[in-house]
Each structure stands twice: as C-alpha cells, then as structure tokens.
Amino acid sequence: MKVAVVVYDGVFDSGLSAVLDVLNNANALGGQLHESSPTWDVTLVGPRPKARTRAGLLVAPEPLELADTADLLVVPALGESDPSALLDHVGGEASRPVRGLIVRARARGTTVASACAGTFLLAEAGVLDGLRATTSWWLSPAFRDRYPKVELDHSRMVIDCEGVITAGAAFGHVDLALAIVRSASPALADLVARYLVVDERPSQAAYTIPSALAQSDPTVAAFELWTREHLAEPIGIPEAARAIGVSERTLQRAVRRTVGTSPIRFVQDLRIERASHLLRTTGLSLETISRKVGYEHPNTLRVLLRERTGKTTSALRDSK
C-alpha cells in the first residue's frame, strides 16, 4: 500500500512520529508471521519544501502532488490545544493546500485518515459531512458546534466510515496507525502492538473529564455543578433545570449541543467518574460508594462501570 503522510508547519510531533513508527514497525515485523505480510510504502508530502513541526523540528517533505497516486492519505494533527486558534488555522489560508489535497483524494476514492485535531481539517474540507467520526474528547464541543453535519461520537477511539478513518485524542495516532495495519492484517497489528507495548483502547470514555466538557457552555457548567452537589440523591432533570434557572428543553438542548448526549447520560457520567475515583483512592465498599453516587443497588453501578470504563470494580481498585 502506498501511503502519503502530510507534513505541514505546526504539525504535532508525536502524532507524526506515531504514524511513521507503527507503519515502519509493521514493515519490519511482517517477516515474523507465517502468512504473507502486507507492507506500507510511506512518503512524506507537504505544501512547502520544508515544514517546521510544533516542537521546532525541520522536515523536508515531497511535493503534495506525489500524494495523487497514494492508496491512503494520512493527515496528522496540528499541535494546537486552543480550540479558537485551531479553528482559525483549519479555516485559514495556511491550511488551504492541505484541505484541497483532502478533497481531491476523496474525489478519487482514496482512503483518508486523521486523528485528534487533524479531524478538523477533514471536516473543514467537507469530507466528513453525513459520516460518523470521532475527535479528541476535549475538542468535541468546538467540533460539534462547527460541523453539525458530522455525526460525532467522541467516546470512540477509532471510527472507520465509508473510507474515512478518524481517531481520538493526541496519542490516538497510535490507535489510528494500528487500525490501518489491522485492516490489512489483524495478526500483524497484534504483533506490532505487543512489540510497542500498546494496549487496546476501543473507547475514550475512560479518559473523558465531564467537567472539562461542561465548561464550554454556561448552562451545562451550572448543571454540572448542581449535579455534583446532589450526586447522592435522586436527580430529576426538571428539578435540575428549575434549580439553575432554565427550562427543561433549554437544558436538554444545551447538554446535547455541548456534550453530545442527554442530561441523564451526563449525570451517569459524573456518577461513574466519582465512583471510579473512590474505588481508586479509598477502601470504601462498593455498597457505600454506590450510595454516595446515587445508586441503591451496587450491581447497577458495577454494570455501568464495566460499560463505561471497560474495567471491573476489582481492576479499578487495583489501579490505585
């Protein structure tokens, strides 16, 4: 497979190197398999003869035109943590050549892949409209507001939808590259993951900080604060809306727009976050913790913890 990896000024160093390292290791380790092993011919391409990464390293890519014959186009993320600056970049003149490359690649039917903030470039180019995608969980409010035509699921680590592959936050570039390898050879992807000591991470849910998402909207921030103060009690959404001075419909819309889920689900997320913290940091029984986060029956909490974090209560205790 011919792979073109885009390099541009400000590219996230670890994202770029993660993609290159995983694919290079896949090429090197393929000989250990008893089956015929796929290979990846990787070329760095860019809009300028030299690109300076976010950390200041200089890279000399080939011209963008070399990507025209690639089977796969990979767009690593911009190394930018401020959503406003990120949106300015992806919609500005500096990124126009990369956006144009993305559009042309999809028009040819070339698979396009990106992770973290790089998914904004794909969305800005319009190739995610009507598709399921993911991005960094903490960038999801800005993404959802800017690109309402994209079906965003920020809980997933990797989503492959109709020839466009997107992955989650920062080191989701590793998961993205492994997904590329896995699509050709699951056995080789498992072998590379073992050599690089990479655990399978199908979801970002265990890493999401609900309060960080809530701060993107004053109504959701007020709802989050009120909920934390009443976490051990039965929580009704109409009651919560009255308490923070908005209608229930306004609250529903604000939470859906900001977090991408319902208020009830957001309350569950806060309870799971608190329960996970108590399991890791205290010796309290599961029954006591359940009552502290508003669940009468410990088994309800046990099921939700497994569903949202992918871990058992015992595993969460062992991680403290």
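Start by selecting Phe-120, which is buried at 0% relative accessibility (buried means under 20% relative accessible area, exposed over 50%, partly exposed in between, with a 1.4 Å probe and protein chains only). This is a predicted model, in which local features need pLDDT of at least 70 and side-chain atom pairs count only at pLDDT 80 or more, while totals for chains, interfaces and linings use all residues. Residues are numbered from 1 along each chain as its sequence is written, and side-chain values use heavy atoms, with hydrogens and water left out.

Rings of Phe, Tyr and Trp (its six-membered ring) pair if their centres lie within 6.5 Å; planes under 30 degrees apart count as stacked, over 60 as edge-to-face and the rest as tilted. The count by this rule is five aromatic pairs.

Now go to Phe-12 and Phe-171. Their ring centres are 6.3 Å apart and their planes stand at 70°, so this pair is edge-to-face. Phe-12 is in the loop between β1 (2-6) and α1 (13-29), and Phe-171 is in the loop between β11 (164-167) and α6 (172-184), 159 residues apart (helices are DSSP runs of H or I, at least four residues, and strands runs of E, at least two, numbered from the N terminus). Phe-171 is partly exposed, at 47% relative accessible area.

Return to Phe-120 and Tyr-147: with centres 5.9 Å apart and planes at 75°, the pair is edge-to-face.
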